[in-house]
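Dear colleague,

I am passing on the structure we spoke about, together with some notes on what was found in it. Please keep the sequence and the structure open beside this email while you read.

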Amino acid sequence: MTISPQTLSTDVAIVGAGPTALFAAFECGMLKLSCVLIDALDSIGGQCAALYPEKPIYDIPAHPSIEGGALIEALDQQIAPFDVPRLLGSRVETLTGHRGDFTLTTARGDTVKAKAVIIAAGAGAFGPNRPPLDGLEAYERTGAVQYYVKKRADFAGKKIVVAGGGDSALDWALSLSEVAEHIYLLHRRDRFRGAPETLSRIDDQIKAGRIEKVVPYQLHALHGADGQLSAVEVTTLAGESRHLDADTLLPFYGLSTDLGPIALWGLDTHRNTVPVTPATLESSTPGIFAIGDVATYPGKLKLILQGFSEGAMAVHAIHAIVHPDTALHFEYSTSKGVPG
């Protein structure tokens, strides 16, 4: 289906449609500012939806645990009363103009006129860091090697090698241990980077025999035929080798990120992030703001909940751009409700 390019005029153009962007759209609605969401992905949700829709998130206030997909669904319901337009499936290529009068164009040919811009692009264009293994592509095509987990049920009854030493590897080892036949947790050293509670749960699952810790080893080779995996060969730095009987390899070695066209918009950038003023989240270019993982400042925490706060602060700062002659009198949502 071919989507015709659109021309839109709005108060705020939000580049991105992940959780931080969605909450910024809600804040725009609460302050009666119009906005549009623009994202290169063909659906909302950003990394939460694309990479880990079934992964539990534990640091969202009032939710002891919520899956990424469920969080996006709730945020979508939250902005439903404001009927926010969405330009999905085409990334923003150019951004020109000045504070109060910006023009954004997408790769599809959409044009958006906006008085202010919020960049909520997460990590920018992202992709997995792939292990340097011979024949890897054949196993990727069959799904024997995967970098994201979208449905836990797809891994039921399987023998899985989870490789990595950070939060993603630990969280998925725990989650998949509930449905898999066996989990190998592979890391090059006997020390993992995770929250104490997570490490304690890993130890419990190891004692219960649901997870087998394979340290200090690293990936060496894949064995199988026609893209069907039979074993993962791992070695130590001393050359000791093991063959792990496995159906699936899940390497969690982080994402390679790239700001893409954002780096060409004339903003100050630093290591694939956009430095901002902490009080307003405004970038080096007046009228352009950055929130979420793409924004950086002293004391920054890369947490979704901090992105939510940044979205609220940025939108309040933008109100003065859209309505320079109108004072903003802050009111609690419990008092004002949702604007009609």
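**The parallel sheet and its helix**

In this model, which is predicted, four strands make up an open sheet whose order is β12-β11-β10-β16, and the pairing in it is parallel. The edge strands, each of which pairs on one side only, are β12 (211–214) and β16 (248–251). If the direction of the strands is ignored, neighbouring strands of this sheet are turned against each other by 20 degrees on average.

To look at one pair in more detail, you could begin with strand β11 (residues 182–186), which pairs with β12 in the parallel sense over four bridges. Within this pairing, Y184 has E212 in β12 as its bridge partner.

**The antiparallel sheet**

Another open sheet is formed by three strands in the order β13-β14-β15, and here the pairing is antiparallel. Its edge strands are β13 (218–225) and β15 (241–245), and each of them pairs on one side only. Neighbouring strands of this sheet are turned by 25 degrees against each other on average, again with direction ignored. Seven bridges hold the antiparallel pairing of β13 with strand β14 (residues 228–235), and in β14 the bridge partner of L219 is V234.

**Strand β1 and its partners**

Strand β1 (residues 7–15) runs parallel to strand β8 (residues 111–119), to which eight bridges join it, and T10 has A114 in β8 as its bridge partner. β1 is also joined by four bridges to strand β2 (residues 35–39), with which it runs parallel, and in this case V12 has C35 in β2 as its bridge partner.

Helix α1 (residues 19–30) packs against helix α7 (residues 304–322) at an angle of about 35 degrees, with the two axes 8 Å apart, and their crossing is right-handed. On the α1 side the contact involves P19, T20, F23, A24, E27 and C28, while α7 brings I304, G307, F308, G311, A312, V315 and H316.

In soluble globular proteins, nonpolar side chains tend to be buried together. In this model the largest nonpolar core has 64 residues, and those that touch the most other members are I14, L104, V117, I118 and I119. The element that gives the most to this core is α1, with eight residues. Once its neighbours within four places in sequence are left aside, V117 is in contact with A13, V15, L95, F102, L104, G287, I288 and F289. There is also a second, separate core of 20 residues, which includes L133, A163, V214 and Y217.

**A serine in a loop**

Finally, is S90 buried or exposed? S90 lies in the loop between β5 (86–88) and β6 (92–98), and it counts as buried because its relative accessible area is 5%, where the cut-off for buried is under 20%. With neighbours within four places in sequence left aside, S90 is in contact with I38, D39, A40, T106, A107, R108 and D110. By contrast, the C-alpha atoms of S90 and L222, which are 132 residues apart along the chain, are separated by 36 Å.

With best wishes

Methods:
Residues numbered from 1 in each chain as written. Predicted model: local features only at pLDDT ≥ 70, side-chain atom pairs only at ≥ 80, totals over all residues. Heavy atoms only, no water. Pairing = 2+ DSSP bridges. Helix = DSSP H or I, 4+ residues; strand = E, 2+ residues; numbered from the N terminus. Axes fitted to C-alpha atoms, helices over the stretch in contact; angles between N-to-C directions. Left-handed = near helix turned anticlockwise from the far one by under 90°. Contact = heavy atoms within 4.5 Å. Core = buried A, V, L, I, M, F, W, Y, C linked by side-chain atoms within 4.5 Å. Buried < 20%, exposed > 50% of the residue type's maximum accessible area, 1.4 Å probe, protein only.
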